[in-house]
Amino acid sequence: MQNREPNRPPPETLFPAKLDVEGLLASGWRPLAFRQFILKLHSRCDLACRHCYVYEMADQSWKAQPRRMSTTVMDHTASRIAEHALTHGLGDIEIILHGGEPLLAGRDRVDYVVRAIRAAAADVGTRVRVSIQTNGIRLDDAFLRLFEELEIRVGVSFDGYAEAHDRQRRFADGRGSHTLVSHSIRRLAGGRYHGLFGGLLCTIDLDNHPLDTYEALIAFDPPTVDFLLPHGNWSTPPPGRVAGAPETPYADWLIAVFDRWYGAATMETEVRLFQEIMRLLSGAASRSETVGLSPSLMAVVETDGSIEQSDILKSAYQGAAATGLHVLRDPFDAALLRPAMVARQIGVRALGPTCTACDIRAICGGGQYAHRYSDIEGFLGPSVYCPDLYKLIAHISERFARDIARLKGNL
């Protein structure tokens, strides 16, 4: 994808900037506390992936970020998280160490921030679960021993077989990273460290064979697989997705994988997207921002200490994730009433007319929030993946309902 500077209307004219937060509060609505905190330990990466939303899309603010999060920012972040947990009586929270590439921060900084947050949270009676999302390049035994000691679960970004993975996940000089990353995953998945294995995150590339990709992923026996739609929107459509066109290339890719996964004699791994859709079809709430109408409970802390929304919003426009808040001076509660954050907590009230009128709105939820963006309507449109999501959900619903009916008939 190419960097772009969108010719967009003034932010105050776009939803959610014009959202009536005071009116919502007067009606009795209240925001929910953050339960997940994403910490950007390092703002740079040792790969140059062509599909990366952080470095290759609209928001280029990473260039002004310090490379590493300082211990001062870490200490204030720990205090702010504990403050938020105490204010809202949170029994447990989740910390996700992220980047850039978080392992570039080094073992000492990882050790420092985890211990600082756990110590601060322990003082207010809050349990802290920690995970890290890495490209796997630097995932050596020394890091794994540290993660074992600190009970940090590890997710690895991996796109499947060699040709598939190396199509996008390359070094700056063009070399592929598959050999190094697959070696790291074997180290993580085998023997002593298997309990740390959080799963694999795979960004869909339509040029990669869906079943070959899935087979390459499950060869590592991951507990979960997360298939990620490439980030894009109506103003910057993702590869192969012509905005407004009826074709469904991503649904077709995912349906091939779903049928293989769902038809297996025994469950080989959890596939987050499929299981979240099935949860929603069963009447349960979504645990993911990809589908459903569950409120977003996530806050991001950048390397400089800025408090932001989901960094996926960086795929929309410059400053889309910004709140103007900072851990050195602001509590996390201040972010809860920012219009952009409120819009991601009010469910169906944040949907535009197309989604509100849709028969699967409770399942789809308008798709991922960032994928709804256009330079004209802000986030009030449907997902740029709307036809794909409709077809995928309809397919899963049909198979799921058929099997439930068969099971009931056998009782």
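**Backbone exceptions, buried side chains and overall fold**

Asp221 is situated in the loop that links α8 to β6; helices (H or I, at least four residues) and strands (E, at least two) are DSSP runs numbered from the N terminus. The structure is a predicted model, in which local features need pLDDT of at least 70 and side-chain atom pairs count only at pLDDT 80 or more, whereas totals for chains, interfaces and linings use all residues. Residues are numbered from 1 along each chain as its sequence is written, and side-chain values use heavy atoms, with hydrogens and water left out.

Most residues other than glycine have a negative phi, and most peptide bonds are trans. Asp221, although not a glycine, has a positive phi of about 55°. Its relative accessible area is 46%, so Asp221 is classed as partly exposed; buried means under 20% relative accessible area, exposed over 50%, and partly exposed in between (1.4 Å probe, protein chains only). Glu151 likewise is not a glycine and has a positive phi of about 55°. This residue occupies the loop between α5 (141-150) and β4 (152-157). With a relative accessible area of 61%, Glu151 is exposed. A cis peptide bond, with omega of about 15°, connects Gly99 to Gly100. Gly100 belongs to the loop between β2 (92-98) and α4.

Helix α8 comprises residues 210-218, and its buried residues are Pro210, Thr213, Tyr214, Ala216, Leu217 and Ile218. An α-helix has 3.6 residues a turn, so residues three or four places apart point the same way. The elements that cover the buried residues of α8 include the helices α6 (162-168) and α9 (249-262), together with the strands β5 (197-203), β6 (224-228) and β7 (270-271).

Thr126 is found in the loop between α4 (107-122) and β3. Because its relative accessibility is 6%, Thr126 counts as buried. A polar atom of the Thr126 side chain lies 2.8 Å from the backbone oxygen of Leu90. Beyond residues up to four places away in sequence, Thr126 touches Ala85, Leu90, Gly91, Asp92, Ile93 and Ala121, where contact means heavy atoms within 4.5 Å. Arg127 is part of strand β3 (residues 127-134). With neighbours within four places in sequence left aside, Arg127 is in contact with Gly91, Asp92 and Ile93.

Ser315 is located in the loop between β9 (306-308) and β10 (322-326). Ser315 counts as buried because its relative accessibility is 1%. The Ser315 side chain reaches the backbone oxygen of Ile312 at 2.8 Å. Apart from residues up to four places away in sequence, Ser315 touches Tyr53, Met57, Ala58, His231, Asn233 and Ala370.

Overall, the protein chain contains 15 helices and 10 strands. Its radius of gyration is 21 Å, close to the 22 Å that the globule rule gives for 411 residues, so the chain is as compact as a globular protein of that length; the radius is taken over C-alpha atoms, and the rule is 2.2 Å times the number of residues to the power 0.38. The C-alpha atoms fill a box of roughly 55 × 55 × 50 Å along the principal axes. Of the 411 residues, 55% count as buried. Among contacts with a separation of 6 or more, 74% are accounted for by residues 24 or more positions apart.

Notes
Polar contact = N/O pair within 3.5 Å; in protein donor to acceptor, adjacent residues only side chain to side chain.
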